Amino acid sequence: MITVEETKAAADLAHRRGLRVHLDGARIFNAATALGVDARDLCAPVDTVQFCFSKGLAAPVGSILCGSAETVAKARRVRKLLGGAMRQAGVIAAAALVGLEEMRGRLGDDHRNAKALANGLAGIRGIRIDSDRVVTNIVSFEVDTAWMEPGAFVKACAEHGLRISRYLGNSPRLRAVTHHGVETKDIADALAVVDSVLSHARAPVAAAD
């Protein structure tokens, strides 16, 4: 995660060389919550920033570009030229407002649930995870292939109502995300599913010997 100081240092360097700086802040409110800073402090050194309403803010869809009036006007023109304009978007905008006004303050709950999930996974045989690295609402981990193939693990968990995604390709890395609607009690249920799925998988060869 990039801190305020690191963002400022990179932006200052670019500005000294006549460059403009764009911040891809898709999850900027999660980052600000984890760092204990205001999101405005992360954005202050840059020229433009984009963030998603559909990440931790829980809206069904939508992203926004922020910048100077001139920059935004140009972006709107380019968007229209590329066919990106949308009619009757009020319903989407309403959900985005709810995200901004009501969801930012509860992101810490998602982070605490993610940490609890990570700590629980660390105690399950067949799971590899560094729970200390979990600081927001994304939990990355691996299933020991001696126990179970990752794809089969994801499928088995889904059959028990637990949805886990797999990183691109045949990567062994898996990802679970906590969000609005996932409560503390759901973490215990998720851990029970993982434990059950791996318990019914074959044991490692070394253990069998």
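Here is a chat about how the labels on this predicted model follow from its values.

Student: What makes α6 and α8 roughly parallel?
Tutor: Look at the angle. Helix α6 (residues 107-122) and helix α8 (residues 184-199) pack at about 25°, with axes 10 Å apart. Angles under 35 degrees count as roughly parallel, and therefore α6 and α8 get that label.

Student: Which residues make that contact?
Tutor: From α6 come Asn-113, Ala-116, Leu-117, Gly-120 and Leu-121, and from α8 come Thr-184, Ile-187, Ala-190, Leu-191 and Val-194. Sorted by class, the contact of α6 with α8 has 7 nonpolar, 3 polar and no charged residues.

Student: And which hand does the crossing of α6 and α8 have, left or right?
Tutor: Right-handed: that is how α6 passes α8.

Student: What about α2 and α6? How do you know how they are arranged?
Tutor: α2 and α6 pack at an angle of about 75°, and their axes are 9 Å apart. The range from 65 to 115 counts as roughly perpendicular, so α2 is roughly perpendicular to α6. Phe-29, Asn-30, Thr-33 and Ala-34 of α2 meet Leu-107, Gly-108 and His-111 of α6. By class, the contact of α2 with α6 has 3 nonpolar, 4 polar and no charged residues.

Student: Why is His-111 called buried?
Tutor: His-111 has 9% relative accessibility. Buried means under 20%, so His-111 counts as buried.

Student: What does His-111 touch?
Tutor: His-111 is found in helix α6. Leaving aside neighbours within four places in sequence, His-111 is in contact with Asn-30, Thr-33, Ala-34, Val-135, Thr-136 and Asn-137.

Student: Which residues of α2 are buried, and what covers them?
Tutor: In helix α2 (residues 28-35), the buried residues are Ile-28, Phe-29, Asn-30, Ala-31 and Ala-32. Their cover includes β1 (22-24), α3 (39-43), β2 (48-52), α5 (90-103) and α6. Just after α2, Gly-36 takes a positive phi of about 75°.

Student: How does the 4-strand sheet run?
Tutor: That open sheet has the order β4-β5-β7-β6, with antiparallel pairing. β4 and β6 (165-166) are its edge strands, since each pairs on one side only.

Student: What makes β4 and β5 a pair?
Tutor: The cut-off is at least two bridges, and 2 bridges join strand β4 (residues 127-128) to β5, which run antiparallel. In β5, Glu-142 is the bridge partner of Arg-128.

Student: And β5 with β7?
Tutor: β5 and strand β7 (residues 173-177) pair in the antiparallel sense over 5 bridges. Within β7, Val-177 is the bridge partner of Ile-138, and Ala-176 is that of Val-139. As for the helix on this sheet, α6 packs there and touches β4, β5 and β7, with a direction about 15° from that of β5.

Student: Which residues of β5 lie on its covered face, and which on its uncovered one?
Tutor: In strand β5 (residues 138-143), Val-139, Phe-141 and Val-143 make the covered face, while Ile-138, Ser-140 and Glu-142 make the uncovered one. In a regular strand, side chains alternate between the two faces of the sheet.

Notes. Residues are numbered from 1 along each chain as its sequence is written. This is a predicted model: local features need pLDDT of at least 70, side-chain atom pairs count only at pLDDT 80 or more; totals for chains, interfaces and linings use all residues. Side-chain values use heavy atoms; hydrogens and water are left out. Axes are lines fitted to C-alpha atoms, for helices over the stretch in contact, and angles run from 0 to 180 degrees between N-to-C directions. Angles under 35 degrees count as roughly parallel, over 145 as roughly antiparallel, 65 to 115 as roughly perpendicular and the rest as oblique. A crossing is left-handed if the near helix is turned anticlockwise from the far one by less than a right angle, and right-handed if clockwise. Contact means heavy atoms within 4.5 Å. Ala, Val, Leu, Ile, Met, Phe, Trp, Tyr, Cys and Pro count as nonpolar, Asp, Glu, Lys and Arg as charged, and the others, Gly among them, as polar. Buried means under 20% relative accessible area, exposed over 50%, partly exposed in between (1.4 Å probe, protein chains only).
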